[in-house]
Amino acid sequence: MAEQLVESVPSGGAHETDVIIIGAGPVGLFAVFELGLLGIKAHVIDILDKPGGQCAELYPEKPILDIPAIKTISGEQLTKQLVEQIDPFGAIFHLNEMAVSLEKTNADKWRIKTDLDTAIEAPVICVAAGGGSFQPKKPPIPGVDDYEGQSVYYAVRRREMFRNKNIVIAGGGDSALDWTLNLEPIAEKITLVHRREEFRGAPDTVEKMRALQSVGKIDVHVAQIKGLRGEGGQIQAVCVESKSEGDYELPCDNLLAFYGLTMKLGPIADFGLNFTENRIAVDTEKFETSVPGIFCIGDMAHYPGKLKLILSGFHEAALMSHGAFHYVFPDKKLKFQHTTSSRDLQAKVSG
Ligand SMILES: Cc1cc2nc3c(=O)[nH]c(=O)nc-3n(C[C@H](O)[C@H](O)[C@H](O)COP(=O)(O)OP(=O)(O)OC[C@H]3O[C@@H](n4cnc5c(N)ncnc54)[C@H](O)[C@@H]3O)c2cc1C
């Protein structure tokens, strides 16, 4: 089971903070640190169920060789170390939630709403949305549209929805395996369907899944999903085809299909910001967009000479934080300090 790196607050409700960061990729995470040094609090939203963005989702085990002063580090380890580094600043995470709308409040602040009805207000928005939001790939199953969001899902947004349910989980990667392990204790029945005998997930997770199978706590079928049977949006069975067994049905209440993720610009496209080549145009002094109080850093930012590198995003986070300071503390003067010599910064970092 993948290690839980940060606690996410329950969805819904209203929150207030200094800066709302959209995106918990490496750059959004480091922004928490740079803002924290200046005494600025942050909430972080990500549609993924974990922090790390591309590093965590696309190349967790690959070595990154161009993080200054670190000879080699995997995407997963970099994420872990960033999370440890920002821990003293107590950022609030809203994972598994998509930032869907942006509006100005009567108090001249910004309000972001998520698809799970969370509302957050702040004087500053920092878009660190990378290549866009990670969204599930739709499985190529005929008629799947009729059941989507009613009994067929591509992500688990609320685990409790699946209590006492007979669930078919489709896929051979980490998400399918993680949710098999995670839902097994509360589901009535779990059947894992994958088209091959071998699973792509982390060896430890595969081992745990096989252990559940060997004691009969889950069923595993090597088969391909060919169709669905059901009525009025409620699935009754998944129709599969197997090389050894032929065609048959697996009765169920829900299908959870994990066929990988793709990155899409998503709702940010409608936030009223200036886009150039699908990225947000910013100045290079503060990394502010054309809209005062809205900043953009990391892969989503566009300016002459931009390099889509983690180290560029870290630099942008530092300058964005200095720009954000003047909105959060309009009456305060910002004093530039080094962490080596400032007792104030040292106290902030030690929590
Ligand atoms: C295979 C590969 C190898 C790479 N190797 C290197 C390397 O060696 N060195 C290097 O420096 N860089 C490397 N990169 C590039 C590096 O990963 C990116 O530059 C970096 O991830 C950008 O960080 P970010 O925080 O800006 O965005 P991302 O990592 O893309 O994170 C953005 C996050 O924002 C979330 N998001 C977006 N929109 C929304 C929304 N509306 N609501 C909620 N969440 C949202 C996304 O789900 C995502 O988690 C590599 C990239 C790939 C694909």
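What follows is a conversation about how the terms used for this predicted model apply to its ligand shell, helix pairs and sheets.

Reader: Before we start, what makes a residue count here, and how is it numbered?

Author: Numbering runs from 1 along each chain as its sequence is written. Because the model is predicted, local features need pLDDT of at least 70 and side-chain atom pairs count only at pLDDT 80 or more, while totals for chains, interfaces and linings use all residues.

Reader: What makes a residue part of the shell around the ligand, and which are the closest?

Author: The test is whether the C-beta atom, placed from the backbone, lies within 6 Å of the molecule. On that test 37 residues surround the ligand, and G23, G25, G53, G130 and G298 are the closest.

Reader: Which helices and strands each supply at least two residues of that shell?

Author: They are α1 (26-37), β3 (42-46), α2 (53-57), β11 (133-136) and α6 (310-328).

Reader: How does the shell split by class?

Author: There are 21 nonpolar, 12 polar and 4 charged residues. Ala, Val, Leu, Ile, Met, Phe, Trp, Tyr, Cys and Pro count as nonpolar, Asp, Glu, Lys and Arg as charged, and the others, Gly among them, as polar.

Reader: On to helix pairs: why are α1 and α3 called roughly parallel?

Author: α1 and α3 (residues 75-86) pack at about 20°, with axes 9 Å apart. Axes are lines fitted to C-alpha atoms, for helices over the stretch in contact, and angles run from 0 to 180 degrees between N-to-C directions. Under 35 degrees counts as roughly parallel, over 145 as roughly antiparallel, 65 to 115 as roughly perpendicular, and the rest as oblique. So α1 and α3 are roughly parallel.

Reader: And which residues make that contact?

Author: P26, L29, F30, V32, F33 and G36 of α1 make it with L78, T79, L82, V83, Q85 and I86 of α3; contact asks for C-beta atoms, placed from the backbone, within 7 Å. By class they are 9 nonpolar, 3 polar and no charged.

Reader: What makes α1 oblique to α6?

Author: Their axes come within 8 Å and cross at roughly 40°. That angle puts the pair in the oblique class, so α1 is oblique to α6.

Reader: Which hand does each crossing of α1 have, with α3 and with α6?

Author: With α3 the crossing is left-handed, and with α6 it is right-handed. Left-handed applies if the near helix is turned anticlockwise from the far one by less than a right angle, right-handed if clockwise.

Reader: How do you know that α4 and α5 are oblique too?

Author: α4 (residues 174-183) and α5 (residues 203-214) pack at about 45°, with axes 10 Å apart, and therefore land in the oblique class. Their crossing is left-handed. D174, L177, D178, T180 and L181 in α4 meet T205, V206, K208 and M209 in α5, a set of 4 nonpolar, 2 polar and 3 charged.

Reader: What makes β1 and β9 a pair?

Author: Pairing asks for at least two bridges found by DSSP. β1 and β9 (residues 118-122) are joined by 4 and run parallel, with H15 opposite I120 in β9.

Reader: How do you know that β16 and β17 pair?

Author: They share 7 bridges, in the antiparallel sense, with β17 spanning residues 234-242.

Note on methods: Contact = placed C-beta atoms within 7 Å.
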